[in-house]
Amino acid sequence: MVGLLSRERIFFAYLIALAGLLCSTIANRYYESAALVSPATWIVLAVIVLSVIFYAMGRYAVDRFFPTRQILIGANWTEYDAQHKRTFFWVLVGIFSATVIGHLLILPGIPGLRALASRDDFEISVIRQEGYLGVPMFLRYLSDYSVKAIGPMVLILAYSARSRAFYPLIILAALYSLALYARIMPIFLFAPLLLYTISLRRYRDSLGLVALIGGILLTTSAIASPNIRDAFFPAYAATLPQATQPSTSTSTILAAAPAIQPDQAPKLKPRHYETSSWQSKSVLYSLFSRIIVIPGGVILQWFNYYSDPKFREYGCGYRPASVLLGCQYVNVPTKLYAHYYPKNVNEFKLQGSLNAAFFMTEYANFGPLGVILSSVAMAFVLLLATQIFGSHPLAIPLNIAFIVVAMETNLLTALNSGSGWIITSFLFLYFFRTRTK
């Protein structure tokens, strides 16, 4: 059993993520005082069962028809071709640093500082969106790849080689997370290194990284929420102006969607929640709600809309497929956000996305058949990941971002800009060169 867990560690991590999503569907219903088992629960259960079946079939096929020799992967990236690898390492450091600095310089101001001067939740959300959508497209992709692939990799490389660049990179990554106050950024940047230190049993370093991530999450949550700021700094809050409507200048870059009459959307807050209550001022409650309660509720929202076959996209929900089919591409998360929250889009000019787990994109296009197709595709990707990373200590650290992102977006996005998995895999193969026995 221990050998199986070690060999298939990436797949087991994926199953744990699905189990968490299953719990989220139940937690959401509990907070809604509704029946604990909903259609969202059955969909996630189906994905778990199908994933096990298709992965087991794929593993058998690989072992039976494509036997490979044992792969040895070096744990120290400086052991082989050290000169060229060190040169490329510094190139990656330069790309990451230039992306961070260029991103912040091109903006009209530091988003985190601008948000601190605001008392309005929607204006703060617009400022955060402007920090990403207000830059050229190429810089958005550079930022995505830097935060989710290049940044985590250079931190791991600098840490393992005891490079003098390690602490400056830590500081730069932390400041970038605070400047854009996106709570997921420190997870992407530091969680792989944290998991790596745990696998090496360097627990003192692990505790330091936990403190760093916790501190950034606490700070970014306070920046994003005036209620949390009031709880921690009541004297400072009293000196700030009262809430104002979002400025039109910050919303000019955001396209307003047409007014849409929504169906009754499931609430994502308990009925006893009030803006003056402790929940609205608690960082832990905010994180708990975002991680545990909301994902299951969003899956149910997708199901409620696409359970009727006449509303499904039939391939037009994929950009590449829409070109081949000759239909207009439908960005499903944006469409559903506008459907359920038209006031946010039309009045507050928020360009939101109602992101759900990867299999819901296939469900939105093809219904129950899509759930089967998505399980097959994910099984293939996980088999490929296992072949690439094997039992290396970095197998989980460098795949955890992909697994987590797949719980909130479609598979193609998760592989590319969503988690940077493709780039991460190539970087891993280069720095931790494989040899066969």
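So, a definition to start: I say a charge sits over a ring if NZ of Lys or CZ of Arg is within 6 Å of the ring centre and within 35 degrees of the ring normal. With that in hand, look at R312: its charged end sits over the ring of Y363, 5.4 Å from the centre. R86 does something of this kind with W77, lying over the face of that ring at 5.8 Å from its centre.

Quick housekeeping. This is a predicted model, where local features need pLDDT of at least 70 and side-chain atom pairs count only at pLDDT 80 or more, while totals for chains, interfaces and linings use all residues. Residues are numbered from 1 along each chain as its sequence is written, and side-chain values use heavy atoms, with hydrogens and water left out.

Okay, ring against ring. For Phe, Tyr and Trp (its six-membered ring), I call two rings a pair if their centres lie within 6.5 Å; planes under 30 degrees apart are stacked, over 60 edge-to-face, and the rest tilted. That gives 25 aromatic pairs. Take F88 and Y430: the ring centres are 5.3 Å apart and the planes are at 85°, so this one is edge-to-face. F88 is in helix α4 (82–106) and Y430 in helix α22 (421–431), so the pair ties together parts 342 residues apart in sequence. Helices, by the way, are DSSP runs of H or I, at least four residues, and strands are runs of E, at least two, numbered from the N terminus.

F431, though, is buried, at 1%.

There's a cluster to look at as well: ring pairs link F11, F12, Y14, Y55, F358 and F359.

Last item, cysteines. Counting two cysteine sulfur atoms within 2.5 Å as a disulfide, we get 1. The partners are C316 and C327, with their sulfurs 2.0 Å apart. The torsion about the S-S bond is about -125°, so the disulfide is left-handed. C316 lies in the loop between α14 (283–306) and α15 (319–325), and C327 in the loop between α15 and α16 (332–340), so the bond ties together parts 11 residues apart in sequence. C316 is buried at 14%, whereas C327 is partly exposed at 23%.

Terms used:
Buried means under 20% relative accessible area, exposed over 50%, partly exposed in between (1.4 Å probe, protein chains only).
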